[in-house]
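Here's a quick briefing on one protein model, written for someone who likes cut-offs with their contacts. Have a look at the structure, then read on.

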Amino acid sequence: MGSVFLASCLSSAVNGGKTVLLARIRSQLLHQRGYLFEWAPVCLAVGIGLYFSLRFEPALAHLAALAGGAVLVLVLSRFLGEAFSPLAIALTLVATGFLLAAHRAHDMSGPVMGWRYYGPIEGRVVNLDRSGSDALRITLDEVALENLRPERTPLRVRISLHGDQSHSVTPAPGMRIMTTGHLSPPGGPVEPGGFDFQRHAWFAQLGAVGYTRVPILAIAPASEGNAGLAVFRVRMAAAEHILNVLPGDTGGFAVAVTTGARSAISQQALDDLRASNLAHLLAISGLHMGLLTAFVFGLIRSILALIPPIALRWPTRKLAAGGALIVASGYLALSGGNVATERAFVMVAVALCAIMVNRRAISLRSVAIAAIIVLVLRPEALLGPGFQMSFAATTALVAVFGFMRDYKIMIGPKWVQPVVAVLLASGISGLATAPVGAAHFNTISHYGLIANLLSVPVMGSVVVPAAVLALCLAPLGLDWLGLWIMGVGLRWILEVGAFVAALDGARSYVAGPGAVVLPMIALGFLWLVLWQGRARLIGVVPIILAFLLWQGTVRPMGLIAENGTLVGVMTENGRALSKPKGAGFIARNWLENDGDATEQVDAAGRWNSGAAGLLPDGGKLMHLSGKRAAAAFEGCGKQDILVSSVELSPSSFDCDVFDPIRLRSVGAVAIHHDKAGLRLVSVRDVTGTRLWTRWRAPKERNQ
């Protein structure tokens, strides 16, 4: 009888505990209901992330079923009550994000070259930029290739100009050109889990990339084309005019912040700006758009305030916001409308429209609206560092300054508030974006805060006003005055960048994190910012776990390039590379992902047959570079792994062979060593078969 009574008491306690727990959960959900809109972009981002994380392409039937399920859940949300209906809405938004990403991926589909091509290349110039090696790159549309049907011809190709181009015509927007060059399919990640250029090229509709050493010929003058080409011509004309007034890196910097083109600034200046954490000043982002619109808004409002009839009868604040929005739209068009600038424009436009409808211009809700617009228009932007860093900084700034405003927190006397605001803004944005920058670029700028404090105020108080002045004086032919003032500010920023970059320990490198690290940090950060009440502290847990996982990252013991041209093996002194030059892009990425600042030639000095090629099971990782090395090779054992840059006959060897034919079907390979022995992971194992992978089965080998 006692046992029955005890069981009854325990059952009552458990049921009572469940009731209390459910009541608390319901109370918390009701408390968060007012912030459902702020969570909407988070839910969309989760759905988009799920789509891109799949290893297979969902069939149309799967997408239709998901859409039907989302509608059903949304309908059922009306019957779940006030507390739990937001959960159903959140699930619907996750499904919506998934479907948006799938639609975008299919909408951007186009032919992708599946082989190496050499021959005539003809097309219309639609973009000009520079590669990492400082070579001019031309993007062409309306492409024509020899013996290739139009339905199999890529929509766009990009070629780099190498060799002597002194006899080439100067490419102009809309000009139809031709040359003879090499084209190949966009390459995959340089290692499993690395940056996927194939995916990036798919959404840019680049069906092939390559180079030419043959001079460029013009076969038709620049056509009128569409509005995009007209704006492109205006951008190029503006860039040329600026460079005539401000030569050198100063002019290149001015061109970058006005037209978005970076081809006129030297690689040394770029490296200094990156090392000092000032590279964000080159990209037309939220900082530039915000500074410009703030200056124009203040200027228009001040002018209107000086006219009593207007100041007393008209809503000058709204008129100033409308004028600033028009200027921001023009700046967007002039800059070429790339993803980063579009994102910045959306955020500024939301704030200005909020002013015009009497809403708070800067709030988490306005940030959420901007994020939703960007994710709906370009779901793939979620995966890029630009989107992540921009919204991380903006969300952190709005949250911290909003908290200080609500609780009336003031640091120091009133007269130092502008200085305090600059210090706080630089520190908060730097802290918020540091994990994203370190994860994508494997670098940490230790003196970035100092460099930004010395540079950002100059950008806002000198460079941006001078650019507006130059624009206003251009009809009078006096724009040189504004450009000269602009050049003074930009030279200061360049000198700050060079000085900070030259300091000892200005930059250090960190190993790349695993795939789950950044999502964990982002979700923990958003939980801290968006959740209301003490439960927001739960967001600290995934952030701490993410950094622990990052700290425990183990890099692959061996790496094999996707074309067999390079092999890297981890040693006690760092990764050893099989070649001192060649495949430089791959080598640089491998070393940066290791957190190693060593140059390729020094890493190649670590390679030798007795140490670098030794595998834990007693075998060797061997690399044959070129036909001569392959012809002179004597053989290998069963425990060995042989990598060749030329085609081989695997049946002639006892070891595991990776040659271009095999690597063409699997991509780059990482070799891990664990308790079970050697484990080989290829790019295809990680990415699977998606629209943009275009994996091809190995062709028949020559006998």
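A disulfide here is a pair of cysteine sulfur atoms within 2.5 Å. Keep in mind that this is a predicted model, where local features need pLDDT of at least 70, side-chain atom pairs count only at pLDDT 80 or more, and totals for chains, interfaces and linings use all residues. Residues are numbered from 1 along each chain as its sequence is written, and side-chain values use heavy atoms, with hydrogens and water left out.

**The disulfide and other cysteines**

- The structure holds one disulfide, and it joins C636 to C655 with an S to S distance of 1.9 Å.
- The link of C636 and C655 is left-handed, with -70 degrees about the S-S bond.
- C636 sits in the loop between helix 22 (627–632) and strand 13, while C655 is in the loop between strand 13 and strand 14, so the pair links distant parts of the chain, 19 residues apart. Helices (H or I, at least four residues) and strands (E, at least two) are DSSP runs, numbered from the N terminus.
- C636 is buried at a relative accessible area of 14%, and C655 is buried at 8%. For these labels, buried means under 20% relative accessible area, exposed means over 50%, and partly exposed is in between (1.4 Å probe, protein chains only).
- Elsewhere, C353 is partly exposed with a relative accessible area of 35%, and C472 is exposed with 52%.

- Two strands pair if DSSP finds at least two bridges between them.
- Strand 12 and strand 13 (residues 641–644) run parallel and are joined by four bridges.
- Which residue in strand 13 is the bridge partner of H623? That partner is V643.

**Aromatic rings**

- Searching the whole structure turns up 13 aromatic pairs. Rings of Phe, Tyr and Trp (its six-membered ring) pair if their centres lie within 6.5 Å; planes under 30 degrees apart count as stacked, over 60 as edge-to-face and the rest as tilted.
- One of these pairs is Y51 with F98, edge-to-face at 5.5 Å centre to centre and 90 degrees between the planes.
- Y51 belongs to helix 2 (residues 36–53) and F98 to helix 4 (residues 81–107), so their pair ties together parts that are 47 residues apart in sequence.
- F547 and W550 form a stacked pair, because their ring centres are 6.1 Å apart and their planes are at 5 degrees.
- F547 and W550 are three residues apart in helix 19 (residues 540–551), so about one helical turn separates them.
- F547 counts as partly exposed at 39% relative accessibility, whereas W550 counts as buried at 12%.
- Y51, F52, F98, F203 and W692 form one aromatic cluster.

**Charges over rings**

- R690 has its charged end over the ring of Y51, 4.6 Å from the ring centre. The criterion is NZ of Lys or CZ of Arg within 6 Å of the ring centre and within 35 degrees of the ring normal.
- R662 has its charged end over the ring of F658, 3.8 Å from the centre.

**Side chain to backbone contacts**

- Q532 lies in the loop between helix 18 (517–530) and helix 19, and it counts as buried at 17% relative accessibility.
- The Q532 side chain reaches the backbone oxygen of L530 at 2.9 Å. A polar contact is a pair of N or O atoms within 3.5 Å; within protein, one must be able to donate a hydrogen and the other to accept it, and residues adjacent in sequence count only if both atoms are side-chain atoms.
- R233 lies in helix 6 (residues 227–245) and counts as partly exposed at 23% relative accessibility.
- A polar atom of the R233 side chain lies 3.5 Å from the backbone oxygen of P173.
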